[in-house]
Amino acid sequence: MECIHKDMTSLDGTRTQYKLEQDNKGNKLLEYKITDKDGKVLMNLNKTMERVADNKVISSNGDKVYEMTFEPKQITIQEKGKDATVIPIKKGFFSKGLKLTGEKKEMSELLQKLPAEQLKALASTVKVLNGTNNTKECNMQPLSKTVNTVNEVFSVLHEIGHAVDYRKSGLFLPDFTTISRDDELKRIYTEEKDNFEKAYPNAQREHLDYFIDQKEHYSGKWGGLQELVAETNALRDSYTTEDGLAVRVQYLQQHYPRTIAYINDRLENYKTK
C-alpha cells in the first residue's frame with residue numbers, strides 16, 4: 001500500500017490538504033482539498049477506485065458512482081441512474097471509438113487503471129492511444145488527436161489534460177486551446193507566479209521552469225500554463241514520486257493552489273465551459 005499525506009500552505013495563506021492511498025491491484029482513495037485564507041473551499045475532491053473483478057472496476061467521484069467493464073472490443077461505463085457510456089476499441093482510424101497502437105497490451109492494462117471520468121474525457125478528445133516504452137516520446141498531438149504515453153497513470157493523465165485543453169484544435173485551428181486561454185486563469189496564475197518568484201531564488205524557481213518560464217518556453221509565453229493545465233489533470237487522480245518530477249509537483253501543489261483549483265473546475269466542466 002502506497003500512502004501520500006500532505007498539508008501545505010501557500011504564500012498567500014491558501015491551504016492544501018492531500019491524501020492518496022493506493023495499492024498495486026488498482027484500489028485507490030484520494031482526498032484533495034484547497035481552502036483559501038478566509039476559509040472558502042476552492043476545491044474538494046473525494047475519489048475512490050475499487051477492483052471487484054478481473055475486468056470490472058468501481059469508480060467514484062463524490063456522490064457519482066460508476067461501474068466500468070473492460071472487454072476486448074469495448075469499455076462500458078455505467079453511472080448509477082444514467083444510461084451507459086460505451087467506448088468502442090476500434091481497428092480503423094476513421095471508425096468511432098478509441099484505437100490502440102504500439103504497446104497495445106500495456107495500453108489495455110493502462111485503461112483499467114483510469115477513473116471513469118478520465119476514460120470518458122480520453123474517449124471524447126482522443127482518437128489514438130499509442131503505447132511507448134520511452135518517456136521522452138510521451139506527448140499529445142492536437143491535429144491527429146493522438147496521445148503517446150508509457151504505461152503509467154500520471155503520464156497518461158497529463159496527456160489527457162492536454163487533450164481536453166486542445167479538444168477544439170483542428171486543421172484550421174492547430175494551436176487553439178480553451179482552458180489555458182482563459183483570462184481569469186491567467187490572472188490567478190500570474191498572481192501566484194509573481195508571489196513565488198519574489199519569495200524564492202533561482203535554485204527553487206528552476207524546479208518550476210516547465211510551468212513558469214515565459215521567455216524561453218518551447219510553446220511560447222503561455223506554454224507553461226498549458227503544461228500546468230495538463231499537470232493539474234494528472235494530480236486530480238494520481239501522483240508521482242519519480243525523481244525528476246516529484247520536486248516540481250511539490251512546489252506546484254504548495255504554491256499554485258488557486259490556479260489548480262480553477263483549472264480543476266474547468267476540467268470537470270469542460271463540455272459546458
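In which sense do strand 5 and strand 6 pair, and over how many bridges? The close-ups below take up this question and others, using a predicted model.

**View 1. Strand 5 pairs with strand 6.** Strand 6 covers residues 64-71. The two strands run in the antiparallel sense, and six bridges link them.

**View 2. The turn between strand 5 and strand 6 includes Gly62.** These strands form a hairpin with two residues between them.

**View 3. Strand 4 pairs with strand 5.** Strand 4 spans residues 41-53, and strand 5 spans residues 56-61. Their pairing is antiparallel, over six bridges. Thr48 marks a place to start: Ser60 of strand 5 stands opposite this residue. Strand 4 and strand 5 also make a hairpin, with two residues between them. In a regular strand, side chains alternate between the two faces of the sheet.

**View 4. A cavity lies inside the structure.** How many cavities of 30 Å³ or more does the structure hold? There is one. The largest cavity has a volume of about 40 Å³. Its lining is made up of Ser10, Leu11, Asp12, Glu192, Asn195 and His255.

**View 5. The cavity lining, sorted by class.** Three residues lining the largest cavity are polar. Two are charged, and one is nonpolar.

Technical notes: Residues are numbered from 1 along each chain as its sequence is written. This is a predicted model: local features need pLDDT of at least 70, side-chain atom pairs count only at pLDDT 80 or more; totals for chains, interfaces and linings use all residues. Side-chain values use heavy atoms; hydrogens and water are left out. Two strands pair if DSSP finds at least two bridges between them. Helices (H or I, at least four residues) and strands (E, at least two) are DSSP runs, numbered from the N terminus. On a 1 Å grid over the protein atoms alone, a cavity is a set of points where a 1.4 Å probe fits but cannot get out, and a pocket is an open set with protein on both sides within 12 Å along at least five of seven lines; lining residues have an atom within 4 Å of a point. Grid points are joined across faces, edges and corners, and a volume is the space filled by probe spheres set on the points. Ala, Val, Leu, Ile, Met, Phe, Trp, Tyr, Cys and Pro count as nonpolar, Asp, Glu, Lys and Arg as charged, and the others, Gly among them, as polar.
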